[in-house]
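I opened this model to look up its salt bridges and its sheet. My notes follow in the order I checked things.

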Amino acid sequence: MEAPHHEAPAVTLKITVNSPEQMGELGRRLAKLLRPGDLVMLTGELGAGKTTLTRGLGEGLGVRGAVTSPTFVIARVHPPLGEGPALVHVDAYRLGGGLDEMEDLDLDVSLPESVIVVEWGDGKVEELSDDRLRVVIDRAVGGTADDASRGAADGTADEVRDVTITGLGARWADADLASLGA
Ligand code: ADP
Ligand code: MG
């Protein structure tokens, strides 16, 4: 199949996550791939597991403060406990104006030196960076018998999530996304 001309995904990984614990583990693995200035966009309906993934990511990065849903604030900064980057956790659902508003937030942190994780980011924060890691979390609820049997092996069927991770831009062209599924 011919790749789209405008912007072919650099790399894509599809994995099945069977429980909140596994979602946290995915976040901790993802943290090992991340560098200062990286943008991670999390897409998925309410309750999909975006914040759960971000919590594991914060643990993996070694940042201060509990990662919780940023529903009542637009963004929360988690400073590093050690040498690594800060985690900036953004709820783009409340960020109506996109990039301009993000810069207006006056976060008291250098965005190029931080890892930025955006929930609900689709269509709003792309311009923050051409390079971005897009993570789509889909519930496998009400799915096929196959979904149910997958779930029964580890956790319950309604805890099964299909996670699609796509690296966009030169930053991710050579990234070892396969290490996330190991
Ligand atoms: P979001 O930020 O996408 O709205 P949260 O991470 O805040 O979602 O909440 C996800 C909820 O779903 C939590 O209560 C979590 O325990 C539950 N859950 C069940 N299965 C999973 C899974 N596989 N991954 C992540 N969360 C899960
Ligand atoms: Mg959330």
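Which side chain meets that of Glu45 in a salt bridge? I found Arg139 there, with N to O at 2.8 Å. I note that this is a predicted model.

I then looked up where the two residues sit. Glu45 is in the loop between strand 2 and helix 2 (50-61), and Arg139 is in strand 6 (residues 132-139). The pair is 94 residues apart and links distant parts of the chain. I checked accessibility for both. Glu45 has 46% relative accessibility and counts as partly exposed; Arg139, at 32%, is also partly exposed.

Next entry: the other salt bridges. The count for the model comes to 5. I looked at Arg171 and found it bridged to Asp38, with the closest N and O atoms 2.8 Å apart.

Arg29 and Glu25 meet through their side chains at 3.5 Å, N to O. Both are in helix 1 (residues 20-33), and because they are 4 residues apart there, about one helical turn separates them. I have Arg29 at 25% relative accessibility, partly exposed, and Glu25 at 30%, partly exposed as well. Through shared partners, salt bridges join Glu25, Arg28, Arg29 and Glu59 into one network.

How many strands does the open sheet have, and in what order? I get 7 strands in the order 1-7-6-2-5-4-3, with mixed pairing. Strand 1 (11-17) and strand 3 (75-78) are the edge strands, each pairing on one side only. From one strand to the next, the twist averages 15°.

Strand 3 pairs with strand 4 (residues 86-91) in the antiparallel sense, over 4 bridges. For Arg76, I read the bridge partner in strand 4 as His89.

Last, I checked which helices pack on the sheet. Helix 1 touches strand 1, strand 6 and strand 7 (161-168), and its direction makes about 150° with that of strand 1. Helix 2 also packs on the sheet, touching strand 2, strand 4, strand 5 (114-119) and strand 6. I noted about 170° between the directions of helix 2 and strand 5.

Definitions and conventions: Residues are numbered from 1 along each chain as its sequence is written. Chains are lettered from A and ligands numbered from 1 in the order in which they are written. This is a predicted model: local features need pLDDT of at least 70, side-chain atom pairs count only at pLDDT 80 or more; totals for chains, interfaces and linings use all residues. Side-chain values use heavy atoms; hydrogens and water are left out. A salt bridge is a side-chain nitrogen of Lys or Arg within 4 Å of a carboxyl oxygen of Asp or Glu. Helices (H or I, at least four residues) and strands (E, at least two) are DSSP runs, numbered from the N terminus. Buried means under 20% relative accessible area, exposed over 50%, partly exposed in between (1.4 Å probe, protein chains only). Two strands pair if DSSP finds at least two bridges between them. Axes are lines fitted to C-alpha atoms, for helices over the stretch in contact, and angles run from 0 to 180 degrees between N-to-C directions. Contact means heavy atoms within 4.5 Å.
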